[in-house]
Amino acid sequence: MQIQSPIGARLALGAFLLLSFAFSEVSHAYSCGDPSSGHCYGVNAWTQANEYFGAFANITQVAMSCPQGCGGFVDDEIWLIDDSSANCTGNQFGMCWVEAGTLVNEGGTPTYFWADARPGTGNTFNLHYLGTPDPPGTVDHYMIVKDGRVNPNTYLVFIYNDSQSTLYSGTSAVAGTGGCGSALPQMTGRRILIGQELAGAPEVANDASANTADFTRNIWAVQALDAGYVFWYNAQTVAGGVTSASPPVGSWAQNPGAPGAPEGGDFTTRCCR
Amino acid sequence: MKTTTLVLGLLAICSILSACHRIHHPEGAVRMNLPTGKPLQPQGMRALEVKPGAEPFTRDDVTKFIQTHRLGRSIGDISQLRADSLEFLPAREATSRLQGASSGLTDEHQVGLAIIRGPLYFTGPPPSKPIAFASAYALFDAKTGNLLMSGALDKAPGGKTGGQSPAGHPDR
């Protein structure tokens, strides 16, 4: 087809630009974070004025991947967060947290992990890679609990299965307990998150994926660990605030407290199509 | 005999009461036992090939790895990252450099601590935004080459810094 008139040429150019723009938009699977924007979440949040001394959830292992070019990661996890104490709002992230879950980074294979962002401004954020997860379908237990037996308090992290053939543990200690100066006050958990985090803005061919995972037995510790070494808990009885960026998708399959629902409800996540 | 029995009985009751006093059972809470088995030693994530000799892997090996494999929970261009230093040391010493952040390995287990020049961007849980860090670290198992830990160090210029850096020098 020949374009005879200047108007026709402009129309053709406009159509070309429009199509190019549209094509470039659909070629990205999702847009979940670059150095100036945040990640995407499919999570449920509970907040309370009183302290959460710990958090626990059963999470189903699922197949997940993030190939070269995915530009980030995808995970299923739980967080215990303090974004109100002065020693936490003053750190490099403006909050402290302890988290535990299963993660796959760009070009990597899934791994159990736990991480913390501690009070203070030294090596605030520390991520621990533990080992290869149990096969998909396994229900693993993820526990974070404040240890009141030591001063300053630490947080203990456990990832384990029923038989304890998988059992990893870690200790989140405040900065300064490694021998460099006096320890800062430990964080005070006031928010619990469960769900999925997704990062990256890949082309469709390189997007991350994660099958549907169930988060059940959503419970929280009502006191710090003492000599009895027991996780004394209450179950979540109401759904919290849900964020679902689609992707990742996060939603309640069964609300906490609903008739027939498992203890703490059944929250599900999946990604990315 | 009766006196001995009485004393032993009283001692037993005191012991039970003492134990009950130590273990606080909060009202309305449900009991769940913590796992009691022996935890596995962290294996980390497969990362570097270990070579025979005094130095199992080099700073260049680390640079190649971080330019092709994203450190956990970071975003941004990884092609320009480089390892500024790599030091082999006992896990206990690495924990001290990292201000108490422990790899979970035994004290004498050899690890490789690499300081990485960024920028790298790490993000917390919502509603946080990515924070730029001028430097970060990666900790490798010297025996297997696996990646055990990674994390943020100094915030990028314009941000706050503080404390003692794991390289043993005061933060800039």
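## Around Ile144(A)

Let's start inside chain A. Leaving aside residues up to four places away in sequence, Ile144(A) touches Gly54(A), Ala55(A), Ile78(A), Leu80(A), Val98(A), Ala100(A), Tyr155(A) and Val157(A). Keep in mind that this is a predicted model.

Ile144(A) also turns up in the largest nonpolar core, a set of 113 residues. Together with Ala138(B), Ile144(A) has the most contacts inside that core.

## Chain B on its own

Walk along the sequence of chain B and you get α-β-α-β-β-α-β-β-β, which comes to 3 helices and 6 strands.

Chain B has 172 residues, and 44% of them count as buried. As for contacts in chain B with a separation of 6 or more, 48% come from residues 24 or more positions apart.

## Where B meets A

On the chain B side, 60 residues are in contact with 69 residues of chain A. The elements of chain B giving two or more residues to that side are β1 (30–33), α3 (91–97), β4 (110–122), β5 (131–141) and β6 (147–152). Which of them gives the largest share? That's β6(B), with 6 residues. By residue type, the side of chain B that touches chain A splits into 28 nonpolar, 25 polar and 7 charged.

## A strand pair across the chains

The two chains also share strand pairing: β13 of chain A (residues 230–235) and β1(B) run antiparallel, joined by 4 bridges. One pairing to look up in the structure is Tyr233(A), whose bridge partner in β1(B) is Val30(B).

Note on methods. Residues numbered from 1 in each chain as written. Chains lettered and ligands numbered in written order. Predicted model: local features only at pLDDT ≥ 70, side-chain atom pairs only at ≥ 80, totals over all residues. Core = buried A, V, L, I, M, F, W, Y, C linked by C-beta atoms within 7 Å. Buried ≥ 20, exposed ≤ 12 C-beta atoms within 10 Å, placed from the backbone. Contact = placed C-beta atoms within 7 Å. Nonpolar A, V, L, I, M, F, W, Y, C, P; charged D, E, K, R; others polar. Pairing = 2+ DSSP bridges.
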